[in-house]
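My entries follow in the order in which I made them.

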Amino acid sequence: MSALTIAEAVDPYKSDIPIGTVIRAVDALDWRPGERNCDIRPRLWDSSAGKNRLIDSGSQISVAMKSPGDKVDESLRLIAVNGSRIVTYGVKEISLKIGRKTYSISAVICDIQQDILGMDFVNKYKLNLEWDDFDQSELYLVDKRAQIRAPLQVVTVPSNQIFR
């Protein structure tokens, strides 16, 4: 048996949880990053689009997934944390519904797997991340001005999409 086969046989990141499963934030917090195919970054369910959007406080800007017809836009320059250039395809408006209110933000179009709501979104609407008051088992995105509180989700993702 090769070393690679042995390593695969004892991979702690294998999961019995199906991809796309929503997990309570408190249940995933003690897992190592990537364990059980779980990416513990919080996601917000957008009922108007019928999909989760990643909330990433480490991203300065919001980013949208590219569509098949999008063309490269050389006028926008994004640089990744590792210094590499990120190809961009213009800007589009992302609108999402949280509770009774619709929010929108301009997002740079990139070749990514999921829309990212960055700190520009959080700052624009003065949103907070808060744990519930009862037992701190659930994380919420809170708009105090509009009195809206939306639960954030942890979702299992394919293991090749997890940073380890």
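**Entry 1: aromatic pairs.** I worked on a predicted model. I then examined the pair of Tyr103 and Tyr125, with ring centres 4.8 Å apart and planes at 85° to each other. An angle over 60 degrees counts as edge-to-face, and I therefore recorded this pair as edge-to-face.

Entry 2: Where do Tyr103 and Tyr125 lie in the chain? I found Tyr103 in strand S8, residues 101-110, and Tyr125 in helix H3, residues 119-125. The two are 22 residues apart, and the pair links distant parts of the chain.

**Entry 3: surroundings of the pair.** Are Tyr103 and Tyr125 buried or exposed? I noted that both are buried.

**Entry 4: charges over rings.** I next looked up two charged residues. The charged end of Arg149 sits over the ring of Tyr140, at 4.2 Å from its centre. Lys66 lies over the face of Tyr89, and here the distance to the ring centre is 5.0 Å.

**Entry 5: the whole chain.** The protein chain has 12 strands and 3 helices. It holds 164 residues, of which 38% count as buried. For contacts between residues at least 6 apart in sequence, I recorded that 52% join residues at least 24 apart. The accessible surface comes to about 9,900 Å², and carbon and sulfur atoms account for 53% of it.

Key:
Residues numbered from 1 in each chain as written. Predicted model: local features only at pLDDT ≥ 70, side-chain atom pairs only at ≥ 80, totals over all residues. Heavy atoms only, no water. Phe/Tyr/Trp six-rings, centres within 6.5 Å; stacked < 30°, edge-to-face > 60°. Helix = DSSP H or I, 4+ residues; strand = E, 2+ residues; numbered from the N terminus. Buried < 20%, exposed > 50% of the residue type's maximum accessible area, 1.4 Å probe, protein only. Lys NZ or Arg CZ within 6 Å of the ring centre and 35° of its normal. Contact = heavy atoms within 4.5 Å. Areas by Shrake-Rupley, 256 points an atom, 1.4 Å probe, with all protein chains shown as cover.
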